[in-house]
Amino acid sequence: MAGPHVVVMEKVAKWFGNFHALQKVDLNVAHGERLVICGPSGSGKSTLIRCINQLEKHQEGRIVVNGVELKPGMKGLAAVRRDAGMVFQQFNLFPHLTILDNCTLALRRVRRVAKADAENLALENLERVRIVEQARKYPQQLSGGQQQRVAIARALCMKPKIMLFDEPTSALDPEMVKEVLDVMTNLAREGMTMVCVTHEMGFAREVADRVAFMDSGKIIEQATPHKFFRDPEHERLKQFLKQLIH
């Protein structure tokens, strides 16, 4: 880890009606850091990561991303989102567009990049995720793992300063999980700042600089992978790991 914080969250709270999804969460992510967030379903993991690029609006507290504080009705939110690439559980590819066109659409419409330059950049990133040979195909012609790698390439095309992954392998068949995790591991080795919500504990052990555990809308423990898995302190985390790791 090096450099200033890319993400700062201070006392962040979020409600859905009467449900308190995030309860005064404090979290910093340093430039170049790889943070894995885990926890049981409904613990607030996805809500937290979606607040970082304001797909969900927090109601209390303070969030700063790449030096910009996120506030209700703020101008420049699109620029913040461009710098925070998001990869979802579902691939969200346009079925009527080729893989290449899926990757160039935002480049051309948002960043106003010329078609030839956008296609060159898209091909570079498709090569980066080892799927460039599928560039002229349509999403339905690809496996789930291949589509998720396209989704990662699409996010990379925007040259983000941080990559956010919201359970990127949860919708995949088991045999397709490894190919996506391999791509994410390579990104981490390149020094990409990453926040990843996942239950893939092998990935957390190998790639993360820090692992955070959430329960009931709170981060209740965070540590290096070595300490997190070998010497957890909180009883709730001990129970979670016992169920998850056999």
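Author: What follows takes the salt bridges in turn, then the sheet, the pocket and the confidence values.

The model is predicted. Its mean pLDDT is 92 over the protein chain, and 98% of the residues reach 70 or more. A search of the whole structure finds 14 salt bridges. Side chains of opposite charge can pair when their charged atoms come close.

Start with the strands. Asp26 and Lys11 meet through their side chains in a salt bridge, with N to O at 3.3 Å. This pair links distant parts of the chain. Asp26 belongs to strand β2, residues 19–30. Lys11 belongs to strand β1, residues 5–16. How accessible is Asp26? Its relative accessible area is 36%, so Asp26 is partly exposed. Lys11 is also given a value: 47% relative accessibility, which counts as partly exposed.

Now the helices. Arg149 forms a salt bridge with Glu179, and their closest N and O atoms are 3.0 Å apart. Arg149 sits in helix α5 (residues 144–157), while Glu179 sits in helix α6 (residues 174–189). The partners are 30 residues apart in sequence, so the pair ties together separate parts of the chain. Is Arg149 buried or exposed? Arg149 has 9% relative accessibility and counts as buried, because the cut-off for buried is under 20%. Glu179 is partly exposed, with a relative accessible area of 22%.

Helix α6 also holds a pair of its own. Lys178 forms a salt bridge with Asp182, with the closest N and O atoms 2.8 Å apart. Both residues lie in helix α6. They are four residues apart, about one turn of the helix. Lys178 has 56% relative accessibility and counts as exposed, since exposed means over 50%. Asp182 has a relative accessible area of 26% and is partly exposed.

Next comes the network. Salt bridges link Glu10, Arg62 and Glu69. Four strands form an open sheet, in the order β2-β1-β4-β5, with antiparallel pairing. Strands β2 and β5 (68–69) stand at the edges. Each has a single partner strand, so one side of each is left without a neighbour in the sheet. Strand β4 covers residues 60–65 and runs antiparallel to β5, joined to it by two bridges. Glu69 in β5 stands opposite Val64.

The largest pocket has a volume of about 560 Å³. Its lining takes in 18 residues. Nearest its centre are Arg81, Met86, Ala106, Arg154 and Met158. The elements that give two or more residues to the lining are α2 (77–82), β6 (84–87), α3 (99–109) and α5. By class, the lining has eleven nonpolar, four polar and three charged residues.

Last, confidence by element. Helix α2 has the lowest mean pLDDT among the elements of the protein chain, at 83. The highest is 97, in strand β9 (residues 210–215). Where pLDDT is low, the predicted coordinates should not be read in detail.

Note on methods. Residues numbered from 1 in each chain as written. Predicted model: local features only at pLDDT ≥ 70, side-chain atom pairs only at ≥ 80, totals over all residues. Heavy atoms only, no water. Salt bridge = Lys/Arg side-chain N within 4 Å of Asp/Glu carboxyl O. Buried < 20%, exposed > 50% of the residue type's maximum accessible area, 1.4 Å probe, protein only. 1 Å grid on protein atoms, 1.4 Å probe; cavity = no way out; pocket = protein on both sides within 12 Å on 5 of 7 lines; lining within 4 Å. Points joined across faces, edges and corners; volume = space filled by probe spheres on them. Nonpolar A, V, L, I, M, F, W, Y, C, P; charged D, E, K, R; others polar. Pairing = 2+ DSSP bridges. pLDDT = per-residue confidence, 0-100.
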